[in-house]
Amino acid sequence: MATAFHELPLALFTTLASIGAGAFISLAAAFFTAKFSDGQLARIDKLTLVPAIVVVVGFIAAFFHLANPMAAFGVFGGLGRSPMSNELAVAMLFAVAMATYVIMGLAGKLGGARKGLVCATAVLAVLFAVFMGLAYGMATIPTWSTPWPVAQMIGYALLGGAAMGACVLAFSDALDAAVDGTFKSALIAFAVIGAVLAVAGLALMYSGAGSVSNAFVAGTDLAAGASGAFYVAVACLVLACAAVIAAALGKGGNAASAIAVILAFAGILAGRFVFYALQISVGISF
Amino acid sequence: MTQYGFFYDATRCTGCKTCELACKDYKDLPVDFSFRHVYEVEGGSWQQDDAGFWTTDSYTYYLSMSCNHCDEPACTHACPTGAMHKDTDTGIVSVDKAKCIGCGYCAMACPYDAPTVSKEIGHSAKCNGCAERVAAGMQPICVEACSGRALFFAPIDELPSGEGRADIAPLPAEDFTGPNLYLKKCVSMQPVATDVAISNILEVM
Ligand code: SF4
């Protein structure tokens, strides 16, 4: 787990970015399936600043990982070749769409562009999650070079995003109106599919690590060291899913969605620690 | 392109680690990291037969290794900035400090543990084949310092003949990156994926 704690800034980045970006997936579904009053829309647009800030804090956390952040403008130099450059390019596209949407919303200028813009932001949020998962696809690290990191990141974005999206709607006094129609099923589907992808992706990676070893470290030892974080992650992700379902069913008031966000944050962060703890090379790694 | 590479003669190496220390001294490296490591690899077991006699197939060997300046380096593939790059004339893989953001992807990706990245250094750092010495017609400092004459560095078609690229435990199969580390093996050396142990793990990590 020492490796995992060393990667705390990256764990925070991927946690906050997936929750914040994922919120736009749920919000897009809400705008396509529910009717909101002008007052509700104005409040939703104001509170949409929260997931945007969460994403920005995630980006700032990532900077703390770098030994030389002053050269960070060069990160797109490996576009097409480096999975990290690809991830950051998609992150930038998402950030531009998100900023445009949020700024126009705060200025009350979304009007007829709302659905188109939120839809583009949501699609880019999904792509961002996929590329965050692909960022660690290194053939020399067999525990990471699987589909499971991508499944995890999509799951985190769907579940964390459902929690954050429900929270934005709840604190805008708009969740009741939203879950009156098909958005209820959409929100539950995002939470359940997200939880299944996240937990299954994490569990398959965790169990698969047992069959990987090199002369310096055994996957079974790494998995044993990360077992506490693994069980915390699974428990928090399942409970976060339950809290989103409660919010979607109109139970628990605003607290249900707020608790869902806290549980999702704890579950995803623990899941990210497990991910970094399971780094094991085909050759030399400690 | 001329591809430079190392040759390691395991039949001559005594495991004295002069190569490692000469490198640390020449590169003025701090105590906690090194561009070259000498791995002490061991394994095997003892068996007792019905008559009570003990036999063993235990073995030990040394492996002195730094960056292998691979044909398909995992580090350059992962590097987002292009700071980690392969020289088009010599095939030497080195870091452009001005471009490096210190993200550590190169260190994660390299299966030979060649790059080191830390906040204290401020960028990735690794063996550059003593490019400045080689350009001046000299050998890398590790090669020159080796008292057993177990190390060589040259364009790969000028290296002594041995048994080809490094494909021994604890290294990965050569086809991951195409390491330009060529070997003369000693009898103890074990093939890739053999369950060997490293007896000086604290020294090399
Ligand atoms: S630490 Fe520097 S050299 Fe290594 S991958 Fe990052 S930018 Fe490239």
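Predicted model: local features only at pLDDT ≥ 70, side-chain atom pairs only at ≥ 80, totals over all residues.
Residues are numbered from 1 along each chain as its sequence is written, and chains are lettered from A and ligands numbered from 1 in the order in which they are written. Local features need pLDDT of at least 70 and side-chain atom pairs pLDDT 80 or more, whereas totals for chains, interfaces and linings use all residues; side-chain values use heavy atoms, with hydrogens and water left out.

At the interface, 38 residues of chain B are in contact with 35 residues of chain A (heavy atoms within 4.5 Å). The two chains bury about 2700 Å² between them, 64% of it on carbon and sulfur atoms (accessible area, 1.4 Å probe, lost on putting the two parts together and summed over both). On the chain B side, Ile101(B), Tyr105(B) and Met108(B) lose the most area to chain A, together 27% of what that side buries.

Three helices of chain B, α2 (74-78), α3 (105-109) and α6 (201-204), each supply at least two residues of the side that touches chain A (helices are DSSP runs of H or I, at least four residues, numbered from the N terminus). The largest share, four residues, comes from α2(B). By class, this side of chain B has 26 nonpolar, eight polar and four charged residues (Asp, Glu, Lys and Arg count as charged; Ala, Val, Leu, Ile, Met, Phe, Trp, Tyr, Cys and Pro as nonpolar; the others, Gly among them, as polar).

Around the ligand lie 14 residues, of which Cys79(B), Thr81(B), Cys100(B), Cys103(B) and Cys106(B) come nearest (a heavy atom within 4 Å). This shell has 10 nonpolar, four polar and no charged residues.
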